[in-house]
Amino acid sequence: MPFRPPVLGAVAGAVALLAPAVASAATPTSAATDPGPRPTLAAKLTACEPATDVAGGSAAFTASMPARRGASRLWIRFALERQAPGRRGWERVAAPTFGEWEKSRPGVSGFVYAKRVEGLAPGAYRAVVRFRWVDAEGRTVRRAQRTTPACRQPDPRPNLELVRLRPAMGDGGPVAEVTVRNGGRTDTLAPAVVTLRVAGVEQPSQTVPPLGPGVTAIVTFPLAGCAPGQELRAEVDPADGIDEVSETDNVAVRPCG
């Protein structure tokens with residue numbers, strides 16, 4: 001069963017969030033009122049929490065900038081970007097309060113601002129942060145840009161993998177031994193069907209029980225009429241009844257001999 005999280009915002013082709021994002025901006029702090037050290041020019045990933053089976057992941061970003069000669073106010077703007085699983089490029093993602101200029105009070109010696117976004121679907125997320133130093137007349141006297149490290153959100157779903165198919169000798173004669181593993185992060189919750197074709201002929205199917213993350217199960221099929229040069233083909237969840245990360249690792253094929 002394919003996984004289709006809803007699209008958030010008007011980002012063409014981007015499937016970004018499992019649920020409506022919740023982006024919260026911390027109260028801006030500045031070196032003028034904070035006894036801490038004068039901030040440096042930086043954009044950081046400060047938290048990255050993976051998704052669970054009941055909630056999407058979250059990420060927090062912090063940007064800081066020092067005052068410069070000739071600037072009265074300091075501005076910071078965050079843009080959220082996502083790299084989809086299996087893709088190389090990054091795409092802009094719409095999220096509440098991202099894309100807005102956050103502005104310091106006049107005359108501060110530094111400016112720090114943080115944002116958090118929740119409900120993240122699988123993929124990688126980063127913030128591209130733009131900085132402006134603005135004089136008393138509203139003119140920009142300097143610009144800068146920094147990009148945070150990426151927050152990588154793994155897919156929280158289970159993933160059935162057919163990891164081994166081999167002929168063996170059972171108590172009653174030759175068998176085909178099929179090993180299935182859940183390589184995902186959550187339980188499969190339901191039994192999964194396993195099928196076997198011997199030289200193109202389908203055998204009575206079997207099932208593996210619900211599997212937790214990293215758990216394996218082995219089923220055996222009586223193996224008769226499989227001559228050297230013919231083919232064994234096993235498949236787990238052939239009807240795609242389990243919502244899982246990938247359907248590409250559910251089949252194993254090998255020669256009979």
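Is Phe98 buried or exposed? Select Phe98 and you will find that, with 10% relative accessibility, this residue counts as buried (buried means under 20% relative accessible area, exposed over 50%, partly exposed in between, with a 1.4 Å probe and protein chains only).

Before moving on, note that this is a predicted model, where local features need pLDDT of at least 70, side-chain atom pairs count only at pLDDT 80 or more, and totals for chains, interfaces and linings use all residues. Residues are numbered from 1 along each chain as its sequence is written, and side-chain values use heavy atoms, leaving out hydrogens and water.

**Next stop: aromatic rings**

The whole structure holds three aromatic pairs (rings of Phe, Tyr and Trp, the last by its six-membered ring, with centres within 6.5 Å; planes under 30 degrees apart are stacked, over 60 edge-to-face, the rest tilted). One of them joins Phe78 and Phe98 edge-to-face, at 6.2 Å centre to centre and 75° between the planes. This pair links distant parts of the chain, 20 residues apart: Phe78 sits in strand S4 (residues 73–83), and Phe98 in the loop between strand S5 (91–93) and strand S6 (101–103). Strands here are DSSP runs (E, at least two residues), numbered from the N terminus. Phe78 is buried because its relative accessibility is 0%.

Now select Phe111 and Tyr113, a tilted pair with 6.0 Å centre to centre and 55° between the planes. Phe111 is buried at 2% relative accessibility, and Tyr113 is buried at 9%.

**Last stop: Arg142**

Finally, pick Arg142 in strand S9 (residues 140–147). Arg142 counts as partly exposed because its relative accessibility is 38%.

Notes: Helix = DSSP H or I, 4+ residues; strand = E, 2+ residues; numbered from the N terminus.
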